[in-house]
Amino acid sequence: RLPRWTVYGSGFYRSETVSDVTGHITNAGAHVQYALVPAGEEGVARWTGLQVTTGLELTRWTLGTTHAMATTFAITGSQGSAKLGYDAMGSFELGSSSLSVPVEVSSGIRVAVVSLYAGVGMDLTQGQGTIDAQLAGPLHDEDGRKLGTVTISGHDSQGASPFTPRAFTGVQLEAWKLKLFGHLNATADSATSVGVGVRGVL
């Protein structure tokens, strides 16, 4: 039978630059799982029982650029409309950091070395998203004539939603001490996320 208690940790970091936009994401977590109802008898196919899982998850990401940014936009007035261009230099960054306590109830079936699982959960989250802009550059019309200089300097933040209900499902391949998995989350506000990874068993 599977043990009643399971403790595991996870983490990853990724940094990438695409078209002068640089992003970083860091995630670290520690979880404990308790088999509320033990798994069924050993066999080729069996029920995996009913598990309750909780823990801590820390996530931080940033996305920004310090390269030149050009944009065009239209304005409309009493004398008609015009298309303007803005060539900005400086820095622009979006960021988010959060600390979550997930509470999940899940179950599934295992057939040979493949496990299918599903469940529901609630994330209790403390965190915020931020936006920072320090930009300046010329404003011009569509013929290239300079109309002036525009400076944008600002910062704003928004707190995270404290309670996020969600449903999840996934598949896991048991390969001796390694567990290869794919995981899908869907929240009540129609947001979805997909993850794949490898767990090691000590």
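**View 1**
S15 is partly exposed, with a relative accessible area of 39%, where partly exposed covers values between buried (under 20% relative accessible area) and exposed (over 50%), computed with a 1.4 Å probe on protein chains only. This serine lies in strand 1, residues 5–18, a strand being a DSSP run of E with at least two residues, numbered from the N terminus. When neighbours within four places in sequence are left aside, S15 is in contact with G23 and H24, contact meaning heavy atoms within 4.5 Å. The side chains of S15 and H24 also make a polar contact at 2.9 Å, that is, a pair of N or O atoms within 3.5 Å, of which, within protein, one must be able to donate a hydrogen and the other to accept it, while residues adjacent in sequence count only if both atoms are side-chain atoms. S15 and L63, 48 residues apart in sequence, are 9.8 Å apart in space from C-alpha to C-alpha.

**View 1. Confidence along the chain.**
This is a predicted model, in which local features need pLDDT of at least 70 and side-chain atom pairs count only at pLDDT 80 or more, whereas totals for chains, interfaces and linings use all residues. Residues are numbered from 1 along each chain as its sequence is written, and side-chain values use heavy atoms, with hydrogens and water left out. The chain averages a pLDDT of 93, with 99% of the residues scoring at least 70; pLDDT is the predictor's confidence in each residue, from 0 to 100. Confidence is highest in strand 6 (residues 114–141), at a mean of 97, and lowest in strand 10 (residues 192–200), at 87.

**View 2. The largest nonpolar core.**
The largest nonpolar core has 5 residues, L84, Y86, A88, L135 and L139, such a core being a set of buried Ala, Val, Leu, Ile, Met, Phe, Trp, Tyr and Cys residues joined through side-chain atoms within 4.5 Å. Strand 5 (80–111) and strand 6 each supply at least two residues of this core, and the largest share, 3 residues, comes from strand 5. Not counting residues up to four places away in sequence, A88 touches H67, A68, M69, L135, A136 and G137.

Strand 8 (residues 163–175) and strand 9 (residues 178–187) pair in the antiparallel sense over 10 bridges, pairing requiring at least two bridges found by DSSP. R166 has T187 of strand 9 as its bridge partner, and in the hairpin turn, with 2 residues between the strands, W176 has a positive phi of about 55 degrees. Strand 9 is joined to strand 10 by 9 bridges, again antiparallel, with G195 of strand 10 as the bridge partner of H183.

Notes: Helices (H or I, at least four residues) and strands (E, at least two) are DSSP runs, numbered from the N terminus.
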